[in-house]
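My notes follow the order in which I looked.

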Amino acid sequence: MTKTTGKREILIVGNSDELSHRAAQEFVRLADEAIRTKGFFTVALSGGSTPRGLYLQLASDAYRELVSWPHVHLFWGDERCVPPDHPESNYRMACEALINRVSIPKENIYRIPAEQEDRARAAMEYGQALKSFFRLNAGAFPRFDLILLGMGDDGHTASLFPFTTALDETGSLVLAHYVEKLGAYRFTLSVPTINQTREAMFLISGASKAPVLREVLEGDYQPQRLPAQIIQPVNGRLLFIVDREAAGKLRQTGV
Ligand code: 6PG
């Protein structure tokens, strides 16, 4: 079932496996369109468990050959402050589930240097890498073809956590910040960077997300408490692919 409100589309699917398939089909469609029209496709990957199912599908016989991987450029929407081989690394998860299984040139992989002690410098370096890849003028933000996003049961997305200063950062493309709730530093694309994307695709699965998804989609606008609400592409598509369990408390879709 698909529901469109304004520029926001909500696609409700049966379960997490179906979610991964629909997300893979959307990824293939967007990649094909971008490569046909401009010769390359830029996507910022999300961490967490939900997108891992998508990455495994993209690397499977069902989808792998449908994407022209040499024309795909991979970035990250956020990263934990750990080395690339750390079990918590979003980069490592993407390598194991996707990158090591498809023919994407290593020069097309733009990893956040999250192991660096000087986190502010690492964030600046990543921002510089975006500026040069996207050939940005001063003050401009990159326009990704696709930014993949998950959502925590506290309403966070990427590493934009509730009541953190990251939510108000508008001058940088990328930032590193200490997340009290986690007792850890995180890297994240900033809100203006994410909101420049051609398409933001949320992948949300499981009953634990149902209460907060209802608040995010149907409740009052409270971006400090529900950062996922801040994601509103300025000139792009906002797509939520959610499974029936996560959609279980939505009123307006009659699930
Ligand atoms: C991360 C993610 C984070 C994730 C949510 C949802 O680095 O963990 O970027 O924002 O998307 O926590 O995670 P799940 O999909 O595992 O529920």
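These entries go from the record to the strands and then to the helices.

**Entry 1: the record.** I am working with a predicted model. I checked UniProt, where an unreviewed entry lists residues 15-239 as "domain: Glucosamine/galactosamine-6-phosphate isomerase". Over residues 15-239, I read 30% helix and 17% strand. The end C-alpha atoms of that stretch are 17 Å apart.

**Entry 2: strand S9.** I asked how many residues of S9 are buried. I found 6 of 6, so to speak a mostly covered strand. Next I looked at which way the residues point. Glu-199, Met-201 and Leu-203 go one way from S9. Ala-200, Phe-202 and Ile-204 go the other way, and all of these are buried.

**Entry 3: partners of S9.** I noted that strands in a sheet pair through backbone hydrogen bonds, either parallel or antiparallel. Which sense do S6 and S9 use? They pair in the parallel sense, over 3 bridges. In that pairing, I found Ile-147 opposite Ala-200 of S9. S9 and S10 are also parallel, with 6 bridges between them. Met-201 has Leu-239 in S10 as its bridge partner. I then traced the chain from S9 through H6 to S10, and this β-α-β crossover is right-handed.

**Entry 4: helix H6.** H6 covers residues 210-218. Its buried residues are Ala-210, Val-212, Leu-213, Val-216, Leu-217 and Glu-218. I looked for what they pack against and found S2, S9 and S10.

**Entry 5: helix H2.** In H2 (residues 50-58), I listed Thr-50, Pro-51, Leu-54, Tyr-55, Gln-57 and Leu-58 as buried. Why do they sit on the same side of H2? They do so because they cover an arc of only 160 degrees around the axis. Their cover includes helices H1 and H3 and strands S3, S6 and S9.

**Entry 6: an open sheet.** I found 3 strands in the order S5-S8-S7, with antiparallel pairing. S5 (78-80) and S7 (174-179) stand at the edges with a single partner strand each, so one side of each has no neighbour in the sheet. Neighbouring strands here are turned by 20 degrees against each other on average, direction ignored. I followed S5 to S8 (residues 184-189) and found 3 bridges joining them. Arg-80 stands opposite Arg-186 in S8. Last, I looked at what lies across S7 and S8. Helix H4 (residues 119-133) does, running at about 150 degrees to S7.

Conventions. Residues are numbered from 1 along each chain as its sequence is written. This is a predicted model: local features need pLDDT of at least 70, side-chain atom pairs count only at pLDDT 80 or more; totals for chains, interfaces and linings use all residues. Side-chain values use heavy atoms; hydrogens and water are left out. Buried means under 20% relative accessible area, exposed over 50%, partly exposed in between (1.4 Å probe, protein chains only). Helices (H or I, at least four residues) and strands (E, at least two) are DSSP runs, numbered from the N terminus. The arc is that of the directions from the helix axis to the C-beta atoms. Contact means heavy atoms within 4.5 Å. Two strands pair if DSSP finds at least two bridges between them. Axes are lines fitted to C-alpha atoms, for helices over the stretch in contact, and angles run from 0 to 180 degrees between N-to-C directions. UniProt positions are given in the numbering used here, feature names are shortened, and annotations may be inferred rather than shown by experiment. A crossover is right-handed if, with the strands pointing away from the viewer, the path from the first strand over the helix to the second runs clockwise.
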